[in-house]
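Colleague: Before I use this one, I'd like to go through the labels and hear what stands behind each. Could you bring it up?

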Amino acid sequence: QIQRSAYSVAFDEHFSIPLDPAALEENSLRFSVFGIDEDDRNVSTGVAELKLSDLDLATRPFNAWLYLQDMNKAVDTVGEILLSLSYLPTAERLTVVVVKAKNLVWTNGKVTAADPFVKVYLLQDGRKISKKKTAVKRGDTNPVFNEAMIFSVPAIVLQELSLRVTVAESGEDGRGDNTGHVLIGPSASGMGTTHWNQMLATLRKPVSMWHPLRRN
């Protein structure tokens, strides 16, 4: 139903979709939100998408806030990165898998490929408390890393933590020039919040998501 002149709305509407269990592995849910302008035209507010294969719906329902992406807004990105997150409560272990990146844009307008690697920071209330990094991939704008970073994280502090994932270029002196980054966690925004929420809703099961890399 249309909600008139409202910025914060409560729909409380239920939809039932018959679906074969096998289809959960290959289907997604897309939520599109619209407003109606003065000429009664539908204006897109944003879109959110959920891969059903990331959710353990056979065991429990999934409940979380989803971030709406503005499909009309140009984003200052320097590539994308595919990350997998999982949390094991019994071992109090957070695992971040840096899978791969694509369409990387180098700093200083370089045309030739640089040597990318990825740094993963664990933050608590914005402070860096742990750091890990991948190996360097030589001359590759679409590098495949497939490296797992394991952090010891007590469940009691999960809501105080976030991840900063930074793609950097390895220089001749061994130092890295940061290309772009993504923030993931309860205090992040966009896909970073959605990914964190899905991880918490599907404990023990890895959840993978592509993230746009914001320019540093």
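Modeller: Let's start with a cut-off: buried means under 20% relative accessible area, exposed means over 50%, and partly exposed is in between. Keep in mind that this is a predicted model. The mean pLDDT of the protein is 84, and 87% of the residues reach at least 70.

Colleague: Which elements have the lowest and the highest mean pLDDT?

Modeller: Strand 2 has the lowest, at 75, and strand 7 (residues 144–152) the highest, at 97.

Colleague: What makes helix 1 largely enclosed by the rest of the structure?

Modeller: Helix 1 covers residues 191–201, and nine of those eleven residues are buried, so the rest of the structure largely encloses it. The buried ones are M191, G192, T193, T194, H195, W196, Q198, M199 and A201.

Colleague: Why is S84 called buried?

Modeller: The relative accessible area of S84 is 7%, and the cut-off is under 20%, so S84 counts as buried. S84 sits in strand 3 (residues 77–88). Setting aside neighbours within four places in sequence, S84 is in contact with T95, V96, V97, V99, P206, V207 and S208.

Colleague: On to charges. How many salt bridges does a search of the whole structure find?

Modeller: Three.

Colleague: What makes E49 and R30 a salt bridge?

Modeller: The rule asks for a side-chain nitrogen of Lys or Arg within 4 Å of a carboxyl oxygen of Asp or Glu. The closest N and O atoms of E49 and R30 are 2.8 Å apart, so the pair qualifies. Since E49 lies in strand 2 and R30 in strand 1, the pair ties together parts that are 19 residues apart in sequence.

Colleague: Why is E49 labelled partly exposed and R30 exposed?

Modeller: E49 has 39% relative accessibility, so it falls in the in-between class. R30 has a relative accessible area of 55%, and that is over 50%, so R30 is exposed.

Colleague: How do you know that E80 and K102 meet in a salt bridge?

Modeller: Their N to O distance is 3.9 Å, and the limit is within 4 Å, so the pair counts. E80 is in strand 3 and K102 in strand 4 (residues 93–102), so this bridge ties together parts 22 residues apart in sequence. E80 is partly exposed at 28% relative accessibility, and K102 is partly exposed with a relative accessible area of 28%.

Colleague: And what does R138 form a salt bridge with?

Modeller: With D115, the closest N and O atoms being 3.1 Å apart. R138 is in the loop between strand 6 (127–133) and strand 7, while D115 is in the loop between strand 4 and strand 5 (116–124), 23 residues apart. R138 is exposed, because its relative accessible area is 60%.

Colleague: How much space lies in the largest pocket?

Modeller: About 2100 Å³. The lining has 41 residues, and the closest to the pocket's centre are F11, F15, F31, S32 and V33. Strand 1 (28–36) and strand 2 (42–51) are the elements giving two or more residues to the lining, and strand 1 supplies the largest share, nine residues.

Colleague: Which classes make up that lining of the largest pocket?

Modeller: There are 26 nonpolar, eleven polar and four charged residues.

Note on methods. Residues numbered from 1 in each chain as written. Predicted model: local features only at pLDDT ≥ 70, side-chain atom pairs only at ≥ 80, totals over all residues. Heavy atoms only, no water. 1 Å grid on protein atoms, 1.4 Å probe; cavity = no way out; pocket = protein on both sides within 12 Å on 5 of 7 lines; lining within 4 Å. Points joined across faces, edges and corners; volume = space filled by probe spheres on them. Helix = DSSP H or I, 4+ residues; strand = E, 2+ residues; numbered from the N terminus. Nonpolar A, V, L, I, M, F, W, Y, C, P; charged D, E, K, R; others polar. Buried < 20%, exposed > 50% of the residue type's maximum accessible area, 1.4 Å probe, protein only. Contact = heavy atoms within 4.5 Å. pLDDT = per-residue confidence, 0-100.
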